[in-house]
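Please keep the sequence and the model in view while reading.

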Amino acid sequence: MPIRAFGVSDAGRVRKSNEDKFVSEPALGLFAVADGMGGHKAGEVAAQLAIESVTTFVSRSADDDDVTWPYGIDDSLSFEANRLRTAIFLANRKVFRVAESSDDYGGMGTTIVCVLMSGVRAAIGSVGDSRVYLFSGGRLEQLTKDDSWAATILAQDPKIRPQDIETHPMRNVLTNVLGNRPDILVRVTERDLAPGDVLLLSSDGMHGVLDASAIEGVLADHADVNQAAQALVNRAIEAGSRDNVTALVVRYEEDQ
């Protein structure tokens with residue numbers, strides 16, 4: 001598959017550990033970022049479990065005709081998008097079961113954003129407030145919706161501006177994450193890509209401090225995926241991010 005990808009994850013200047021995890025598997029067409037939460041390194045465990053679970057199902061379902069589909073099939077989605085949807089549901093089940101099995105892991109959870117590519121088509125799945133952006137034709141577009149209190153309030157009342165709730169105590173509260181309950185909402189969309197298009201997967205430690213224009217500027221200045229990912233993480237840390245910071249940059253090249 002004509003893809004170049006590179007990810008960078010940094011604990012940042014405040015957190016002692018890094019609870020962000022990511023996977024970049026061009027051979028599978030799979031890219032994902034998870035941002036864990038929970039004490040006693042439980043967030044790190046949740047994020048790692050989610051990444052491993054998604055990767056395992058996507059890998060197995062690519063080669064095994066007998067794979068089961070415990071969450072059914074969504075007829076509105078392609079086969080690849082259904083693979084991704086099922087993988088995320090299975091990841092939620094895995095994290096939830098581990099959280100229920102140990103007091104040390106009680107209440108842990110994780111966000112996740114995933115991209116599964118097949119040819120020009122990209123399936124995009126999300127839970128939580130990690131994001132997927134598309135940089136195409138010099139313009140940046142957010143492809144995912146945040147599962148957060150702030151996003152819900154902004155969607156309900158167009159008169160409210162993001163700056164109006166910047167200091168609200170609930171601004172960072174998530175309304176949907178992997179592992180907190182057995183049933184979750186998984187959003188899956190699909191998008192066709194053109195040669196040169198760039199997908200950016202990020203944790204909120206990055207996009208929480210870099211606005212769209214800043215992200216757009218970095219991607220415009222750095223065509224190389226390695227340089228772009230490192231520059232985004234560096235910019236977020238320099239901008240004062242108090243969280244773990246992850247940027248995974250995926251560039252779709254013209255098929256030779």
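Q: Which residue of S10 is the bridge partner of Leu-200?
A: The model is a predicted one. Strands S9 and S10 (residues 245-252) run antiparallel and are joined by five bridges. Within S10, the residue that bridges to Leu-200 is Val-249.

Q: In what order do the five strands of the open sheet stand?
A: Strands of a sheet pair through backbone hydrogen bonds, either parallel or antiparallel. In this open sheet of five strands the pairing is antiparallel. The order is S1-S10-S9-S6-S7.

Q: Which strands stand at the edges of the sheet?
A: An edge strand here has a single partner strand, so one of its sides is left without a neighbour in the sheet. The strands in this position are S1 (3-10) and S7.

Q: What is the average twist from one strand to the next?
A: The sheet in question is the open one with the order S1-S10-S9-S6-S7. From one strand to the next, its twist averages 20 degrees.

Q: What angle does the direction of H5 make with that of S7?
A: Helix H5 packs on the sheet, where it touches S6, S7 and S9. Its direction and that of S7 make an angle of about 130 degrees.

Q: Why are the buried residues of H5 on the same side of the helix?
A: The buried residues of H5 (residues 212-221) are Ala-214, Ile-215, Val-218 and Leu-219. They lie on the same side of H5 because the arc they cover around the axis is only 130 degrees.

Q: Which exposed residues does the face of H5 turned away from its buried side carry?
A: The buried side of H5 is covered by elements including strand S6 (131-136), strand S9 (198-202) and helix H6 (225-238). The face turned away from that side carries exposed residues, namely Ser-213, Ala-220 and Asp-221.

Q: At roughly what angle do the axes of H5 and H6 cross?
A: Two packed helices are described by the angle between their axes and the distance between the axes. The axes of H5 and H6 come within 9 Å, and their crossing is right-handed. The angle is roughly 145 degrees.

Q: How many residues of the contact of H5 with H6 are charged?
A: H5 contributes Ala-214, Ile-215, Val-218 and Leu-219 to the contact, and H6 contributes Ala-228, Ala-231, Leu-232 and Arg-235. Of these residues, seven are nonpolar and none is polar. The number of charged residues is one.

Q: Is Ala-231 buried or exposed?
A: Ala-231 belongs to helix H6, and it touches Val-218 and His-222 when residues up to four places away in sequence are not counted. Its relative accessible area is 14%, and the limit for a buried residue is under 20%. Ala-231 is therefore buried.

Q: How many residues of S3 are buried?
A: Strand S3 (residues 30-37) has eight residues and is largely enclosed by the rest of the structure. The number of buried residues is seven.

Q: Which residue in the turn between S2 and S3 has a positive phi?
A: Strand S2 (residues 20-25) and S3 pair in the antiparallel sense over six bridges. The two strands form a hairpin with four residues between them. The residue in the turn with a positive phi, of about 75 degrees, is Gly-29.

Q: Which residue of S4 is the bridge partner of Leu-30?
A: S3 and strand S4 (residues 109-118) run antiparallel and are joined by eight bridges. In S4, the partner of Leu-30 is Leu-116.

Technical notes. Residues numbered from 1 in each chain as written. Predicted model: local features only at pLDDT ≥ 70, side-chain atom pairs only at ≥ 80, totals over all residues. Heavy atoms only, no water. Buried < 20%, exposed > 50% of the residue type's maximum accessible area, 1.4 Å probe, protein only. Arc of directions from axis to C-beta. Contact = heavy atoms within 4.5 Å. Pairing = 2+ DSSP bridges. Axes fitted to C-alpha atoms, helices over the stretch in contact; angles between N-to-C directions. Left-handed = near helix turned anticlockwise from the far one by under 90°. Nonpolar A, V, L, I, M, F, W, Y, C, P; charged D, E, K, R; others polar.
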